[in-house]
Amino acid sequence: MSTTHWPWTILQIAPTEDRKAIREAYSRLLKALDHEAETEAYMDLRHARDAALSGEFLHPHAPDIDEDDFGLGDPLPEGSEPASVDTAPALTEPEEKPVFTVAYDDDDDRRFRRMADLLLDDGELTPEEAGELDGHLDALFADERMADLGHYARVEGWLAELLADRYPRGAALFPKVAAYFHWADRTHELGVHPAIPWLFNAHEGESLLRELNTPGHAYHREWIELAKGKPQGMLWTRGIDKPRMGNLIATIRRDYPWLEQEHWQPELVARWEKKAAGGNVKGPGVWTWIGLSIFALSMLSQIVDDDRSGVDHNPAALAAVEAANADKHIASFIASFPNAAADGRSLETLRARSPKSFSTLQRSANMPESLTEEAGRAMMRDIADIYYLIIDNLPYEAQVADARFRAAEIGRLREQPQACADFIRNPRIFLRQSRNIDDISPDYRYRMFSVVHDEYDDREWPLVHKQATIPGDVIGKLIKRSGVPEQRVRDVLSGRSASEADICRTIGSFYELLTEIPAMEAGKILPAFL
Amino acid sequence: MIVGIDLGTTNSAAAIFENGETRLIPNALGDLLTPSAVAILPDGTTLVGKPALNHWVLKPAEAVTSFKRFIGTNRTIKIGRYAFKAEDLSAIVLRSLKEDIESATGREVTEAVITVPAYFNDKQRKATRRAGELAGLKVARLLNEPTAAALAFGIADKEDREPFLVFDLGGGTFDVSIVEMFDAIVEVRASSGDNRLGGDDFTNAIVAHWTQKHDFPSDVRRNLLDARLFQVADMARRILTDQPEASVRLTLPERQFDLSISADEFEGLSTSLLARLRDPILRSLRDSNLRIEALSDIVLVGGATRMPIIRKAITKMFGRFPNHLVHPDHAVAIGAAIQAGLVARNAALDEVRLTDICPFTLGIEVTEHDSHGRLRAGLFSPIISRNSPTPISRTNSYSSMSDNQTHIKLNIYQGESREVANNILLGTMEFPIPKKPAGQVSIDCRFTYDSSGLLDVDVTIPETGETRSMLIADDSETLTAEQIEERREQLAALKTHPRDVAENQYVVGWAARLYEEFIDERREHIGRMLLHFEGVLETQDPRAIEEARGAMTTALQEIEQDQRL
């Protein structure tokens with residue numbers, strides 16, 4: 001489902017008429033390029049900007065300018081005769097009058113005008129209007145003049161423009177028209193009317209919006225959360241899964257940037273991203289919590305009285321049962337590592353050495369007994385989370401060993417450049433999404449667990465300042481090892497835009513190299529990357 | 001160090017970008033503008049600039065001016081015993097400028113940004129680049145003159161600017177560009193021009209007028225008459241900038257003519273030239289889809305825009321007064337210096353970007369079937385359309401015309417006409433193709449137009465997989481690196497006066513010219529002054545020489561005023 005919404009994806013803004021916004025986007029991207037060296041990139045950017053400014057990708061053509069002299073006056077002084085111009089090259093080719101190959105009569109004119117009037121109005125189509133338009137369309141399509149190519153092309157272009165002009169007013173008719181003209185097959189052809197791919201995108205966008213807004217949809221709750229703040233009728237947003245939310249945000253960002261800008265609330269999205277990254281988000285205030293807890297306690301008594309399942313609903317007993325469940329999950333999780341017992345790592349040692357991680361695991365393992373796999377995955381995600389949090393502060397031998405593992409992972413992910421690049425850019429976020437953690441090799445998973453088990457104690461974990469320069473000879477080795485040309489390697493290392501495959505190869509080689517560089521140098525360079 | 005050089009038809013100038021601003025560099029005589037003139041004395045000494053101009057009036061066979069008009073052609077120009085092409089002469093001027101900068105700043109000049117008219121074609125651009133190499137400079141970029149002026153105009157305050165029009169009327173060329181500025185990005189939207197319209201044409205109009213009115217003697221050597229007539233006509237044209245009437249005296253051996261012209265007469269003479277101003281402007285407006293009201297400014301560049309008839313024509317065409325903020329003679333050199341700063345990635349220009357366009361359509365000659373199935377040859381197939389932003393790279397595919405065709409000959413043209421006969425041929429490329437039935441061999445022709453406006457053509461034959469790169473197959477212009485080095489050394493070997501001597505020699509030359517141009521007692525007076533000055537030179541006392549030179553200069557200036565009656 002990754003359709004492009006050219007030219008807006010290249011400019012990285014939502015479709016807009018605001019010329020200033022378009023130019024600002026162009027300016028930002030141009031200054032990030034060396035436009036004289038990177039010809040292709042500059043051509044794409046410039047082409048996209050000119051197309052965006054022309055307004056054709058929002059609205060059909062503006063009427064042609066009739067005057068042929070743009071107001072330019074005569075340079076000659078008054079009274080002088082225009083002398084014969086000696087070397088004036090012929091500037092304008094003689095215009096050809098359009099010649100129609102079919103005849104149109106008044107009925108046709110009336111029909112075309114009526115259809116244009118109906119479609120170019122504001123608001124929604126009423127059922128009568130829709131029916132009328134349907135009838136007109138049938139008449140048009142059944143007409144035998146459609147066999148003439150000129151007429152066919154003219155009607156196609158005209159219908160495309162009409163539908164695009166006041167979209168979504170004509171949205172209901174779009175499938176019928178698209179089917180008749182076989183637009184689905186031709187949308188990527190050169191020379192097709194630009195409104196056609198636009199219509200497809202818009203149609204898909206509309207249907208996506210409709211789906212997301214329907215309560216039954218899988219991502220409905222997450223969508224409402226992002227678009228409006230809270231689903232109506234809920235007091236607080238429980239049951240919104242951080243990974244699902246992350247997934248939704250990433251997908252929309254990548255494939256539907258215009259949805260992002262028109263329908264999201266940016267503050268809410270920022271909050272969710274912070275939450276997903278594990279930061280602290282200011283939640284409801286103290287008084288809200290007090291009010292909620294009072295309310296909850298009063299509700300609890302009702303629930304407790306409403307005894308149906310036969311289980312003891314005593315809160316303390318409930319907590320104990322849950323804790324027992326959690327401990328069972330944790331124990332089986334640790335047991336899933338074959339070397340854990342041999343290395344002397346168990347539930348007790350974890351509780352003793354790293355109480356913080358133990359309590360984290362307890363929280364995520366808080367699931368019914370049957371869901372072992374789910375619990376295991378959730379716990380592994382948390383372990384990975386903590387691991388990447390603390391790795392910056394561990395001694396360099398640990399970091400170098402980690403680099404070795406990462407290199408292996410990147411090697412395995414090489415076939416999927418997108419995933420590889422995401423893993424490189426932010427392994428924490430990557431591993432929190434869907435089932436990515438399952439793809440990590442068991443050795444690495446055990447490694448993460450061991451490190452967390454051994455190192456994550458009660459001290460303060462400071463933030464590491466990520467600044468370091470890569471010495472030239474390392475870059476040279478990098479270029480040789482990865483096989484990526486120098487300019488692109490520099491782009492990757494300095495964080496400028498680079499293709500996923502490049503990032504994958506460069507950073508993969510970098511991690512491989514790290515294990516070969518003397519410790520002192522590695523210690524200096526590493527912070528830039530972890 | 002990298003510098004910016006305005007290599008103009010009439011005058012050249014050089015500037016550098018340092019400490020966040022541009023600075024024009026004076027030449028050995030202390031002037032910011034160096035006339036583009038070269039003279040070679042019988043003993044082989046080469047003069048450049050004002051001394052060369054003086055010598056041209058005295059002995060036109062030993063000097064040449066306005067050679068920019070011939071650059072890019074094979075035309076050889078004879079100077080005394082030597083024969084040069086226009087690019088060699090430009091190289092001599094460039095070398096002199098290079099030495100002036102090195103002496104004024106104390107730093108070595110290795111690279112340069114050289115300006116060319118926006119409407120210069122590929123041959124002319126390549127010749128200009130060769131001229132730079134022959135002068136020992138690496139030409140980092142060729143910059144279009146109106147774009148340079150736009151840079152100078154816009155970078156002054158780095159404010160956003162709605163589209164403005166640059167009207168560049170120089171000595172030999174006319175360029176129009178429409179440029180806008182946004183967020184320190186200078187973007188050219190359209191460019192057009194006329195390579196055969198400049199201040200010199202207006203001067204020639206006066207010459208033609210006088211030739212018709214007066215009976216000039218036919219026994220005077222042709223080039224002497226032409227040179228002297230042109231010189232006084234040029235002087236008259238400049239006088240008409242401030243005064244309603246100009247009167248000058250033409251001095252030929254043993255005869256004198258008093259010539260005059262009024263501003264009204266001049267206006268009448270120039271109507272056909274003025275009419276030619278309109279088309280390039282209209283084309284640029286049409287290409288950028290702007291009405292004149294939408295232009296925020298009209299920027300005048302080039303000495304010829306000082307003429308009142310030009311100012312009037314502009315006011316009439318645009319319905320408003322043009323902008324006088326840039327110095328018409330300096331703007332292009334300043335813009336070139338800014339571009340030099342950009343090439344050197346000077347920190348003060350960090351936010352600035354410049355994007356230019358290709359001002360004409362480039363393509364190849366093709367044969368097509370018309371609607372009746374007949375073959376029509378000599379048609380133009382555009383590959384890069386005009387006003388495409390540069391750098392740009394476009395590929396088109398073509399196929400063979402006849403069965404068992406063994407070669408394809410690619411003619412590369414520049415122009416707007418549907419028929420190649422009306423366009424300019426840039427070069428030819430011929431290469432073998434596999435023998436196949438008609439239409440079965442296809443070639444991919446890729447045109448790359450870089451930001452200097454230089455064209456590269458690559459042809460790939462997908463079947464065989466081979467690729468060929470275009471070298472303009474015009475023999476005299478393909479020089480190998482060794483040949484260029486050889487010629488550069490030849491040019492460098494031309495003798496010039498040592499710098500400390502140049503100023504004195506200039507004054508002597510000037511006096512010599514005036515000596516010839518006057519008769520009666522003023523001539524004697526000049527002769528006496530000259531004798532005295534040469535005596536002072538012999539003493540080799542620097543202070544005395546400087547004083548004498550100053551006095552001589554003042555006296556000569558007064559006498560020159562008298563040449564105008």
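Which residues make a nonpolar surface patch of about 490 Å²? That is where these close-ups start. The model is predicted, so local features need pLDDT of at least 70 and side-chain atom pairs count only at pLDDT 80 or more, while totals for chains, interfaces and linings use all residues. Residues are numbered from 1 along each chain as its sequence is written, chains are lettered from A and ligands numbered from 1 in the order in which they are written, and side-chain values use heavy atoms, with hydrogens and water left out.

**View 1. A nonpolar patch on chain A.** The patch is made by Val286(A), Trp287(A), Ile290(A) and Ile294(A). Patch members have over 30% relative accessible area and no salt bridge; like charges are joined within 9 Å, and nonpolar side chains (Val, Leu, Ile, Met, Phe, Trp, Tyr) within 5 Å. A salt bridge here is a side-chain nitrogen of Lys or Arg within 4 Å of a carboxyl oxygen of Asp or Glu. Areas come from the Shrake-Rupley method with a 1.4 Å probe, and for residues only the protein chains shown count as cover. Ile294(A) belongs to helix H14 (residues 286–305) of chain A; helices (H or I, at least four residues) and strands (E, at least two) are DSSP runs, numbered from the N terminus. With a relative accessible area of 56%, Ile294(A) is exposed (buried is under 20%, exposed over 50%, partly exposed in between; 1.4 Å probe, protein chains only).

**View 2. Strand S2 of chain B and its partners.** Of the 8 residues in S2(B) (residues 11–18), 6 are buried, so the strand is largely enclosed by the rest of the structure. S2(B) pairs with S1(B) (residues 2–7) in the antiparallel sense over 4 bridges; strands pair if DSSP finds at least two bridges between them. These two strands form a hairpin with 3 residues between them, and Gly4(B) has Ala15(B) as its bridge partner. S3(B) (residues 21–24) also pairs with S2(B) in the antiparallel sense, over 4 bridges, with Phe17(B) partnered by Thr22(B). In that hairpin, 2 residues lie between the strands and Asn19(B) takes a positive phi near 55 degrees. S4(B) (residues 34–35) is another antiparallel partner of S2(B), over 2 bridges, and here Ser12(B) has Thr34(B) as its bridge partner.

**View 3. Aromatic pairs in chain A.** Rings of Phe, Tyr and Trp (its six-membered ring) pair if their centres lie within 6.5 Å; planes under 30 degrees apart are stacked, over 60 edge-to-face, the rest tilted. Over all chains, that rule gives 26 aromatic pairs. Take Tyr104(A) and Phe112(A): the ring centres are 6.1 Å apart and the planes are at 75 degrees, so the pair is edge-to-face. Tyr104(A) is partly exposed at 30% relative accessibility, whereas Phe112(A) is buried at 18%. Phe333(A) and Phe337(A) are edge-to-face as well, with centres 5.3 Å apart and planes at 75 degrees. Phe333(A) is buried at 7% relative accessibility, and Phe337(A) is buried at 7%. Ring pairs also link Phe141(A), Tyr152(A), Phe174(A), Tyr180(A), Phe181(A) and Trp183(A) into a cluster.

**View 4. Arginines over rings.** Arg49(A) puts its charged end over the ring of Tyr26(A), 4.5 Å from the ring centre. In chain B, the charged end of Arg75(B) sits over the ring of Phe70(B), 4.1 Å from its centre. The rule asks for NZ of Lys or CZ of Arg within 6 Å of the ring centre and within 35 degrees of the ring normal.
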